[in-house]
Amino acid sequence: MNQALKNNETTRQIMVCCGTGCIANGSRDVYQALCHELANHDGIDVQPVMKATGCNGWCEKGPLVKIMPDDITYCGVKVKDAAEIVDKTLVGGELIKRLLVRDPVTKSYLKSHHDTPFYSKQHKVALRNIGEIDPASIKDYIDRDGYQALIKVLQNMSPGQVIDEVIQSGLRGRGGGGFPTGVKWKSCADTNACPRYIICNGDEGDPGAFMDRSIMEGDPHTVIEGMIICAYGVQASKGFIYVRDEYDLAVIHLSRAVEDARDGGFLGKNILGSGLEFDIELVRGGGAFVCGEETALMASIEGNLGEPRDKYVFPTEKGLWGKPTVINNVETWANVPVILGKGAQDFASVGTAGSKGTKVFSLVGKVVNTGLVEVPMGTSLREIIYDIGGGVLDGRSFKAVQTGGPSGGCIPGSMLNLEVDFDSLTRAGSMMGSGGLIVMDDHTCMVEVARYYVNFLAGESCGKCTPCREGIRALLDILTRICNGDGQIEDLDLMEQIGETMQEASLCALGRTAPNPVLSTMRYFRDEYEAHILDKHCPAGVCPALTEFYIDADICKGCGSCARNCPVDAVSGKKKEPHVIDNSKCIRCGECYRHCKFQAVRIR
Amino acid sequence: MYIDEKELSKKNEYKRIIYSYPGEQRYVLVILQDLQKNFNYIPRLGLQMVAEHAGVPVSKVYSMASFYKALSLSPKGRVAIKVCDGTACHIKSGPVLVDQVYKYLHIKPGETSADGEFSLETVNCLGACALAPVMVVNGKVYGKLTPSSIAGIIKEYGGGTDESSLKE
């Protein structure tokens, strides 16, 4: 073991990011090409270790290739670059400049991704191993102190001490609710009933959020270790990981990890000689958003329709098959080994008064650097979007950031200095949710965004309770009408009333939070609603019925970019002469508007 | 009851999948998922057999097959097109892609083309937001799409070759 570890330190490692984003960019082929080049190169004495790692988060720049211990990061690597990487960098020790990241301000070449603003401002806890290890290798995980926290817990702590430590850490559920994790565990441990169950909620459904997928794909053992520690704390014997059906790679990596953990003595009977018995089973979801709600998820595991139930009695008392159950989100589980390994105090030294630790956000939409970012709680939106994210795409102006998925809300530019934690977002009329941050620019219509979310929820409401089922449908009708130019000013009051009723009377959190996108956009962007209703005009140029594009002949240089990008040939004009849009052909996709470098395409 | 050979061989195939799991209610979803994976839909006979094996009413299995989005009661096309309508894709003009697919294949989300070749679906989020807008065809991810890239992709899979519709 020691010899193997030593080898690891001296041997070069080449890590190719094989997260979903990089795979879509062709990273599997890059991996194969590098393997091929290495095998056929005679100038290499010691073969480097090739690793296909989980998602590094910086999907925008993929495929990413890292070389350790040199600490070199190459971005946007293509198959044809493989030979050069082997020749120049591995053999010749030279850097390939064109594959390096450049500092956005100084324009200097940065050797390692750690030097870039995207990474240097991050603080990795839940994502600590991702991109550094091969998710299919339990040895890689153990080499980075994996399962050490579990060993410490089993040897030195009582179950009660484990729960106390988690309470002390101030960890709150990362799935959206923000309920204190330790308190949840304690209330389960305090019941008399047996058996007890543990569930990992990996049914990540919020569109625009993919941190749980990244953890399950890139570091599956941390989730498993977290669950075993909890099993010891609450004396549970069986665990379930409920994974979203669409996440094929996560299912593969988790299944493998569970098997390896079993073989390693971390799961099964008498775990590491401690007498603890615990095993984990994987359950694939059926593709229903509402199953992210914990009672619906449990119904789904039991083999029923994924419908939620009322929660007069919490799952910690009566959960799966009516037995005490602890259910936590993937990211929450990933924090548990760190808390027990380094101690609650260390964990709580980061964050705000009410929200301890870090949070992973998926920063997407109209932002320069899209990807996963993990920052301390209390980091301001401005730091996340501008310092890490590099600002709004194409130099356009910032309009809003949507947080918390379909149940969240939109936060306007005037609140960019908001320090993000569970409580501050709730006060702003939004919520943390699972941590999606979707940046919107001036070419995003807030009414249409609200309609989009309500339409999403209309397809996902399970239909069990009336306020949610009928309320969502009524909101969707009204919003569709407004987007089509048939809205009336009374509609705004009506939507407020419907929204309040839903908040009061719906059975589960899906219905109670469903009006949030509508109410928050009405609160901050009422002028856009009024423009749609009173002026029959969509200021962002998105709603087809209320938008007409035209080209300002005084500004147009006749470069032809609009005509080339028009999918329906609606733009015509001679080179170097002003172009014209044929409105009878135009489908209002906005491609010309986006591509015009001179802002000559205007919205009427 | 008369059973022809073809039906019998199908029945045996269903049986093989269904009986690889214990006959308990909690395995109904995973059995249905396996049937879906193998046959691209849940056949009626398969549905009845699942109910029998798990000891639950057919209505219960039917309600699950219609509730969960991963399951379908009608056959899907040979080429499954999934256009992502997650938020990041949506605000980067994902919906225009759906219109473009309709233009070439005349199918709307949830529909299968008359020749059974293509089916179109919109999906909530594929987690590839950095590549928005995204579309997946038979498992292959196409990212950073523009409306004009659709025709070429459909052609790759042998669709929309009708030149008049392409030029339209």
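Axes here are lines fitted to C-alpha atoms, for helices over the stretch in contact, and angles run from 0 to 180 degrees between N-to-C directions. The model is predicted: local features need pLDDT of at least 70, side-chain atom pairs count only at pLDDT 80 or more, and totals for chains, interfaces and linings use all residues. Residues are numbered from 1 along each chain as its sequence is written, while chains are lettered from A and ligands numbered from 1 in the order in which they are written.

**View 1. Helices H7 and H11 of chain A.** The axes of H7(A) (residues 148-156) and H11(A) (residues 220-234) come within 9 Å and cross at roughly 10 degrees. The two helices are therefore roughly parallel (angles under 35 degrees). H7(A) brings Ala149(A), Leu150(A), Val153(A) and Leu154(A) to the contact (C-beta atoms, placed from the backbone, within 7 Å). H11(A) brings Glu225(A), Ile228(A), Ile229(A) and Tyr232(A). Seven of these residues are nonpolar, none is polar and one is charged. Ala, Val, Leu, Ile, Met, Phe, Trp, Tyr, Cys and Pro count as nonpolar, Asp, Glu, Lys and Arg as charged, and the others, Gly among them, as polar.

**View 2. Where chain A touches chain B.** Chain A gives 41 residues to the contact and chain B gives 36. Elements of chain A that supply two or more residues include helix H2 (20-24), strand E11 (358-365) and helix H18 (446-460). The side of chain A has 16 nonpolar, 17 polar and eight charged residues.

**View 3. The fold of chain A.** Chain A has 25 helices and 19 strands. Helices (H or I, at least four residues) and strands (E, at least two) are DSSP runs, numbered from the N terminus. The C-alpha trace spans about 80 × 70 × 40 Å along its principal axes.

Definitions and conventions: Angles under 35 degrees count as roughly parallel, over 145 as roughly antiparallel, 65 to 115 as roughly perpendicular and the rest as oblique. Two residues are in contact if their C-beta atoms, placed from the backbone, lie within 7 Å.
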